[in-house]
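Trainee: Hello! Could you walk me through this structure, one question at a time?
Mentor: Gladly, let us look at it together.

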Amino acid sequence: MNTSFSYRSRRSKGLFSRLNTPAKAVISLLTGAALIAAFVGLFVVPASWGSDNPQRSGRYSVQVGQTILEKYCPGRMQLADTGSFGDNAFSVSEGDSKGQTRTAAFGSVYSSDLSALQSDQEQSANDTDLTDTSNAVMQGQSANEQGLLSTVQMLSTDEGEGSAAATVSWATKGDLQGMSATSCVVPQLEQSMMTAPTTTGWTQQLILANSSDKATTVSIQAWGTKTGQPVALETDSSVSVNAHAERIVNLSAAAPDQQALYVTLTSSATPVAAVTRVVHMDGLTPRGSDFAVSGSEASKTVSLTGIVSGAQTDVSVFSKQSGTVTLSWITRSGIKKARSLRLIGQQINALSLGKAPTDAYGIVVDGDVKLDASARCTQSSGKQSDFLIVNSVPSFQAQYPDMPPIMA
């Protein structure tokens with residue numbers, strides 16, 4: 001079901017629209033000439049305004065904010081291979097997998113569009129009242145196999161204004177049983193992400209989405225858990241992504257037999273969005289699925305929020321330099337140290353913290369070198385199992401270093 005909500009208002013025609021054609025032409029010519037003169041003046045007007053004071057100069061600065069906000073929302077969760085082999089009992093199936101994408105824009109929203117990456121069809125919600133800054137525009141659309149592009153144009157970039165978008169996928173039968181969700185991602189020229197194991201039973205499909213009008217080449221570099229050297233990929237380390245298109249790279253085939261991967265992506269011509277679909281199977285038994293996306297920039301202290309109490313928790317930590325790191329549970333009663341370890345530069349340390357305490361809701365990772373981290377929370381009930389991938393975010397303690405640490 002497609003839904004769209006918007007707040008609209010009508011404006012009366014302005015003076016310009018009531019002018020006749022010759023008058024409009026004169027005004028357009030004068031405006032154009034003024035803009036050209038101002039543009040040329042930026043280059044030809046000297047900093048010194050008078051020969052009697054050659055040292056005099058002026059400087060003017062303004063704060064520029066981004067008013068066009070673009071996010072890529074991946075399609076629903078999918079299997080890497082849905083082919084049938086032999087007996088039907090041994091064939092894979094996506095079952096009743098479905099998905100939904102929701103977007104919201106707040107503040108001085110001029111327009112909000114949700115469209116397919118490779119299609120001209122879109123839902124559009126426009127707000128033409130240029131003085132109203134208290135609007136909220138919400139949209140929703142089914143998430144199918146193809147990704148969606150959320151484009152929001154703002155009139156200003158004041159605090160509290162912006163957009164948010166997320167995709168959720170679920171199934172009650174088949175090999176994708178469970179739920180997967182992710183925030184929609186912003187296209188970037190360079191980005192890194194921590195992914196799950198590439199051992200037997202794990203499949204990872206890296207989706208590269210190019211929403212621009214220009215094709216680009218993306219270079220892929222990966223580090224694993226075995227050595228402190230980049231992994232020699234068994235597939236191409238550079239892939240081309242056409243304009244308004246998606247490209248899928250099988251990370252499990254490119255870098256197999258690793259307990260985790262740290263992947264860096266560099267686009268040559270235009271920003272691209274990157275999302276990895278992670279699916280786990282134990283033979284013929286589904287073990288869950290989720291999306292992996294890029295996290296925050298490397299920092300000496302990061303947090304993993306949203307840890308599920310009582311869930312089996314596995315953490316992967318990566319740093320380009322060797323150092324020491326401490327992992328602690330964030331609980332309602334304070335910070336409780338879980339484990340300390342020594343990091344080897346450019347090698348992922350994948351470790352198990354066991355089941356999260358019943359009052360835990362996060363993990364803080366504190367080191368003496370800049371690092372990135374990710375957690376995987378797994379819950380099982382009988383034959384059913386699912387997992388959640390948690391990315392690192394800037395630590396509260398790192399943002400407010402003058403506050404005393406909470407210890408328990």
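Trainee: How many disulfides does the structure hold?
Mentor: A word on the ground rules: this is a predicted model, where local features need pLDDT of at least 70, side-chain atom pairs count only at pLDDT 80 or more, and totals for chains, interfaces and linings use all residues. Residues are numbered from 1 along each chain as its sequence is written, and side-chain values use heavy atoms, with hydrogens and water left out. A disulfide is a covalent bond between the sulfur atoms of two cysteines; here the criterion is a pair of cysteine sulfur atoms within 2.5 Å. The number of disulfides in the structure is one.

Trainee: Which residues form the disulfide, and how far apart are their sulfur atoms?
Mentor: The partners are C73 and C184. The pair links distant parts of the chain, 111 residues apart: C73 is in strand β2 (residues 68–73), and C184 is in the loop between β9 (178–183) and β10 (190–195). Strands here are DSSP runs (E, at least two residues), numbered from the N terminus. The sulfur atoms of C73 and C184 are apart by 2.1 Å.

Trainee: Are C73 and C184 buried or exposed?
Mentor: Buried means under 20% relative accessible area, exposed over 50%, and partly exposed in between (1.4 Å probe, protein chains only). By that rule, both C73 and C184 are buried.

Trainee: Why does T182 count as buried?
Mentor: T182 lies in strand β9. Contact means heavy atoms within 4.5 Å, and, leaving aside residues up to four places away in sequence, T182 touches P74, A166, T167, F291 and V293. T182 counts as buried because its relative accessibility is 9%.

Trainee: In what order do the four strands of the open sheet run?
Mentor: Strands of a sheet pair through backbone hydrogen bonds, either parallel or antiparallel. Two strands count as paired if DSSP finds at least two bridges between them. In this open sheet the pairing is antiparallel, and the order is β14-β11-β16-β17. The edge strands, each pairing on one side only, are β14 (245–250) and β17 (285–292).

Trainee: Which residue in β17 is the bridge partner of R277?
Mentor: Strand β16 (residues 273–282) pairs with β17 in the antiparallel sense over six bridges. The partner of R277 in β17 is F291.

Trainee: What separates the C-alpha atoms of S303 and V390?
Mentor: S303 is in strand β18 (residues 299–305), and S303 counts as buried because its relative accessibility is 7%. S303 and V390 are 87 residues apart along the chain, and their C-alpha atoms are separated by 9.7 Å.
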